[in-house]
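Biologist: I have a model open and a few things to ask about it. Can we go through them one by one?

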Amino acid sequence: MTGPDWVAPGDRRVGILGGTFDPIHYGHLVIAEQVREALELDRVLFVPAAIPPHKPEAVLAAATDRAAMVELAIAGNPAFTISRIELERDGPSYTVDTVGELVDEAARRGVAREFFFILSSEALAGLCTWHEPLRLMSLCRLVVVPRPGAPLPDAAWLESHLPAEPGAGDRAGTAVDRVVCVQTVPLAHSASDVRNRAESGRSIRYLVPPAVEAYIREHRLYRSDHARRTA
Ligand code: ATP
């Protein structure tokens with residue numbers, strides 16, 4: 001699906017999983033599926049970042065390769081869709097811009113949609129450094145999942161770490177209400193581990209779906225003899 005058809009007309013509750021997906025692995029797929037189930041989402045959009053603001057120095061596989069691997073990984077799950085919204089936009093991939101576009105499109109169509117941005121507790125810890133985090137939280141709810149080494153936050157942690165309006169007396173009270181924690185099965189997979197293994201010719205079997213493994217092999221991604229490009 002492209003353009004406005006990323007989301008089907010009947011979808012009301014839409015999850016968004018943004019990431020570099022360099023490459024997509026089972027850790028991503030499990031959190032998307034288990035959040036979909038727990039929150040009764042109609043759809044989960046996988047949104048590969050063009051230039052992730054938090055990894056500006058990272059040398060990424062080409063956006064076309066990263067998106068192709070996402071497509072291969074989600075094929076067969078009717079509730080999963082890729083969105084190229086960030087790949088088609090110039091400049092850094094700010095989540096707030098992405099969610100803003102989706103909210104605007106829903107409003108244009110007169111559709112009542114609720115958006116849920118999925119991120120790990122590790123990523124949540126850096127939320128205050130994101131672009132316009134408070135506006136982001138006004139546009140969607142944040143769904144936090146655990147990652148090995150980063151358990152789900154408790155209410156006290158959220159109160160003290162979430163962004164708050166300048167001068168707000170009750171610290172992050174409102175922001176806390178915008179966070180939903182979902183206890184997904186913790187998997188220690190990481191894209192950097194997959195890349196390191198592929199680079200040194202070690203097995204990545206069972207870390208990524210077979211079709212992604214084959215794609216990496218055929219395109220010689222992450223091999224030291226493969227000229228890696230920025231997205
Ligand atoms: P890298 O190792 O290159 O930093 P990554 O594995 O963290 O990559 P991203 O594409 O950056 O993958 O992650 C997208 C989102 O998915 C982030 O919120 C990240 O924290 C989350 N995520 C990635 N892997 C896991 C995992 N194993 N468990 C829970 N969340 C994960």
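Modeller: This is a predicted model. In it, a polar side-chain atom of R195 lies 3.0 Å from an oxygen atom of the ligand.

Biologist: What does the side chain of H28 do with the ligand?

Modeller: An N or O atom in the H28 side chain is 3.0 Å from a ligand oxygen atom.

Biologist: And F21, which part of that residue lies 3.0 Å from a ligand oxygen?

Modeller: A backbone N or O atom of F21. The F21 ring has other partners: ring pairs link F21, F46 and F80 into a cluster.

Biologist: How many residues surround the ligand, and which are the closest?

Modeller: 20 residues surround the ligand. The closest are S120, R147, L187, A191 and S192.

Biologist: Back to H28. Which residues of α1 are buried?

Modeller: H28 is one of them, and the others are G27, L29, I31, A32 and V35. The α1 helix covers residues 26–38.

Biologist: Why would positions like that share a side?

Modeller: An α-helix has 3.6 residues a turn, so residues three or four places apart point the same way.

Biologist: What do the buried residues of α1 pack against?

Modeller: They pack against the strands β1 (13–19), β2 (43–48), β3 (80–82), β4 and β5 (141–145), and against the helix α2 (63–74).

Biologist: What span should α1 have, and what does the model give?

Modeller: With 13 residues at 1.5 Å a residue, α1 should span 18 Å. Its end C-alpha atoms are 18 Å apart, so the model agrees with that expectation.

Biologist: What happens just after α1?

Modeller: E40 takes a positive phi of about 50° there.

Biologist: Which other residues besides glycine have a positive phi?

Modeller: Among them are E132, with phi near 50°, and Y206, with phi near 75°. E132 sits in the loop between α4 and α5, and Y206 in the loop between α8 (191–199) and α9 (210–218).

Biologist: Buried or exposed, those two?

Modeller: E132 has 34% relative accessibility, so E132 counts as partly exposed. Y206 is at 63% and therefore counts as exposed.

Biologist: Now the loop between β1 and α1. Where is the cis peptide bond?

Modeller: The cis bond joins D22 and P23, with omega about 0°. P23 is in that loop between β1 and α1, and T20 is found in the loop between β1 and α1 too.

Biologist: Is T20 buried or exposed, and what is T20 in contact with?

Modeller: T20 has a relative accessible area of 9%, so T20 is buried. Leaving aside neighbours within four places in sequence, T20 is in contact with P52, K55, L60 and R66.

Biologist: Aromatics next. How many aromatic pairs are there?

Modeller: The count is three, taking ring centres within 6.5 Å as a pair. The rings of F117 and W130 have centres 6.0 Å apart and planes at 85°, so that pair is edge-to-face.

Biologist: Where do F117 and W130 lie?

Modeller: F117 is in strand β4 (residues 114–120), and W130 is in the loop between α4 (121–124) and α5 (133–139), so the pair ties together parts that are 13 residues apart in sequence. Both F117 and W130 are buried.

Biologist: Last one, cysteines. How many disulfides?

Modeller: Zero, from a search of the whole structure. C128 is partly exposed at 44% relative accessibility, and C181 is partly exposed with a relative accessible area of 35%.

How values were computed. Residues are numbered from 1 along each chain as its sequence is written. This is a predicted model: local features need pLDDT of at least 70, side-chain atom pairs count only at pLDDT 80 or more; totals for chains, interfaces and linings use all residues. Side-chain values use heavy atoms; hydrogens and water are left out. Rings of Phe, Tyr and Trp (its six-membered ring) pair if their centres lie within 6.5 Å; planes under 30 degrees apart count as stacked, over 60 as edge-to-face and the rest as tilted. Helices (H or I, at least four residues) and strands (E, at least two) are DSSP runs, numbered from the N terminus. Buried means under 20% relative accessible area, exposed over 50%, partly exposed in between (1.4 Å probe, protein chains only). A disulfide is a pair of cysteine sulfur atoms within 2.5 Å. The expected span of a helix is 1.5 Å times one less than its number of residues. Contact means heavy atoms within 4.5 Å. A residue is near a molecule or strand if one of its heavy atoms lies within 4 Å of it. A polar contact is a pair of N or O atoms within 3.5 Å; within protein, one must be able to donate a hydrogen and the other to accept it, and residues adjacent in sequence count only if both atoms are side-chain atoms.
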